[in-house]
Amino acid sequence: MKQVVQNYKSGELAVLDVPEPGCKPGGVLVRSAFSLISTGTELMKVSEAGMSMLGKARSRPDQVAKVMQSVATNGLPATYRKVMGKLDSYTPLGYSLCGVVEQVGAGIDDVKVGDLVACAGNEHALHAELNWVPKNLYTPVPDGLAPRHAAFGTVGSIALQGVRQGEPQLGEVALVIGLGLIGQLVVQLLTAAGVRVVGADPDPSRCELAERLGAAAAGDPGSAAVEAAVAELTDGHGVDQVYLAAGGGSNQPVELAAHLARDRGRVIDIGKCRLDLPWNAYYEKELDVRFSRSYGPGRYDPEYELDGRDYPIGYVRWTERRNLACFLDLLARGRVDVDPLISHIADFEDAVETYRRLKDGELKAVAVLFRYPEAEDRGEAPAPTLAVPAVRRAERPSAPARPAGSPVRLAFVGAGNYATSMLLPHLAGRDGVELSTVVTTTALSGANAQRKFGFGRATTDLDAVLGDDSVDAVFVVTRHSSHAELTRRALLAGKTVFVEKPLALTEEELAGVLAAVEESGNDRLQVGFNRRFAPLLREAREKFGVRTGPANLRYLVNAGRLQHGSWYLQQDAEGSRFAGEGGHFVDTASWLLDADPVSVYAVAPAGNEDLQVVLRYPDGSTATISYLTTGASGFPKETLDLVADGKVLKLDDFVRASAYFESTAGKKKWVSSRLPKARDKGQEAELAAFVRAVRTGGPMPVPLESLVATTAATLAVQSALVGGAPVTLARAR
């Protein structure tokens, strides 16, 4: 079998072929489905292994003390050989997984072969295809709980034991310092227990995540925001409990705990942080400092962990195993949600590369899972995948520029409300543009458009337009169900095409458009994703500046209800409402984050069209699009917040946009712009860019690859809703 190992002397990581473990009495043999990387504990161990010998010694003074004792007892040569031998050996990684029982040892009667179990222990729940797990370190997974979620059992037990040590009471207020994996779980557990929570972490994205998961407020521990939130929630008395879930060498968490705790408050250490207690501060408040020992009672007791000797429930209510079962029950009942914590799911065979990306900071993550081969045979199907079609172009000369003084001749297929209100007013009368032909299904609508906007002619014959060599570009502004086919035909006819969103309603339609591009070599295509051209949004993006770390974007679309009889309601023919409109918001998010999404997750309540869509991006950034139809009509339709690198970009319905950031002097600054006229969502600027590309023969305003990625992500929303799991967007080659 294969197992992830590390050489602590050299720092080498490897997926090694090792013998399969035997199934001993008192335990079960478990084949892994998912195992969780602890981005705190494990990465610290991986980082230490890459240090020099002096660096290793400085990071582990406890081990140095043992070495010195051994030197005094056994002498330097023997101690040196012993230490070097131990360092130059492979050690395992991992301690939290979910898998399927493959074999049951003697004395085990609570599970059977084929059962799904969650497992714990840094010697028994390893990143390996098979593990032998003793009785008190596994527990059955409740029905309906996904294996990838059950793999959080161990870290959930650590967080749960920490909360138990804090003895929270209903109505109390707690401060959680450190919003990594453990801290995020502590926030949710406290919230479920009726405690109001303030979070503190220097990473804005983690603060935003904590607020989404139930924290009343979260912010940088060095800012005034955390202190202000504590003062407001506690009437100035200070928090009842402080949970130290941070790591590292800074003493700031301990000092902040003393500053913000109330008199005789409780401070619980869960993480591995520096603990130089400021004596006066802790003495004067008589603070109660407590430690949380890993998963709970039984930890480090070989009679409990290895021999299966349980503690009587009347004396020890919450043991290691009972904590593990309790956390899984909370997951199964929806009281804790770990799905937003999953930043990445990697195939087990890619373990070494995944650790490298985490260590180098290339992969920003709260939680990362390893998925083992044939996971679908062990309780969970592989993550759904939607292939993003590759754009292939036949050899074709570049689009020629228009002769000087020659107008760009445009034809419109469709002249409905959107075309006549949002597009044609920006084109009619524009210098260098000639509205050549309008094609409609009814003669009267064509005649109306011709009279109002000055088209040269009106017709119901599409072939007459596609065969007209004098027409430079065709606008497809019809009902959604016809977009892909009309676009395909126009591309094959050699026309530059502007198609209103959506480009396609199905994967097959999208593939048909790209087949036309490949067949004809004509990639001159633009989809009407206009928001990236909005002046206010572009100005705010410029003020926001270059982004270096992962970002969190929140996009609230207060779409409202449709009027009875709207053709948008004809979902069987025209697709869902989000399929038709959602590309706008996906494209805007991707443009702001300067990348294409790699996965899509969506949830929707029964009985309405409200949607929550979560997009994940290659650098760990996320975009959450709340597409809601049940809001108040008086509230702005679109509001957006982008948070990264200590900066915030805010858009208020294309009327006001702001950027907040730190200046070189350390003071907060902000820039705000208000449009002096009606809101501008970018249609005019988009059309100007399109006409310029047609006139000059230059690149289209948006690369075709981006248009395809946005369309694929929009289509993936429906797949995510049906499957109930994130859909991976795989780039076809």
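Predicted model: local features only at pLDDT ≥ 70, side-chain atom pairs only at ≥ 80, totals over all residues.
Let's start with a pair of residues: Val 439 stands opposite Thr 459 in strand 20. Strand 19, which covers residues 433-439, and strand 20 are joined by three bridges and run in the parallel sense. In general, the strands of a sheet pair through backbone hydrogen bonds, and the pairing can be parallel or antiparallel.

Six strands form an open sheet in the order 20-19-18-21-22-23, with parallel pairing. Strand 20 (457-459) and strand 23 (525-527) each have a single partner strand, so one side of each has no neighbour in the sheet, and these two stand at the edges. From one strand to the next, the twist averages 20°. Helix 23, made of residues 683-696, packs on this sheet. The helix touches strand 18 (408-413), strand 19, strand 21 (473-476), strand 22 (496-499) and strand 23. The direction of helix 23 makes about 170° with that of strand 22.

Next, look at helix 6, residues 153-166. Its 14 residues should span 20 Å at 1.5 Å a residue, and the C-alpha atoms at its ends are 20 Å apart, so the two values agree. How many of the 14 residues of helix 6 are buried? Twelve are, and the helix is mostly covered. Among the buried residues are Gly 153, Val 155, Ile 158, Leu 160, Val 163 and Gly 166. Just after the helix comes Glu 167, with a positive phi of about 45°.

What covers them? Just after helix 8, Gly 214 takes a positive phi of about 130°.

Which helices each supply at least two residues of the lining of the largest cavity? They are helix 22 (577-593) and helix 24 (704-723). To find this cavity in the structure, look for its lining residues, including Lys 501, Pro 502, Phe 529, Ala 579, Gly 580, Gly 583, Thr 711, Thr 714 and Leu 715.

Conventions
Residues numbered from 1 in each chain as written. Heavy atoms only, no water. Pairing = 2+ DSSP bridges. Helix = DSSP H or I, 4+ residues; strand = E, 2+ residues; numbered from the N terminus. Axes fitted to C-alpha atoms, helices over the stretch in contact; angles between N-to-C directions. Contact = heavy atoms within 4.5 Å. Expected span 1.5 Å × (residues − 1). Buried < 20%, exposed > 50% of the residue type's maximum accessible area, 1.4 Å probe, protein only. 1 Å grid on protein atoms, 1.4 Å probe; cavity = no way out; pocket = protein on both sides within 12 Å on 5 of 7 lines; lining within 4 Å.
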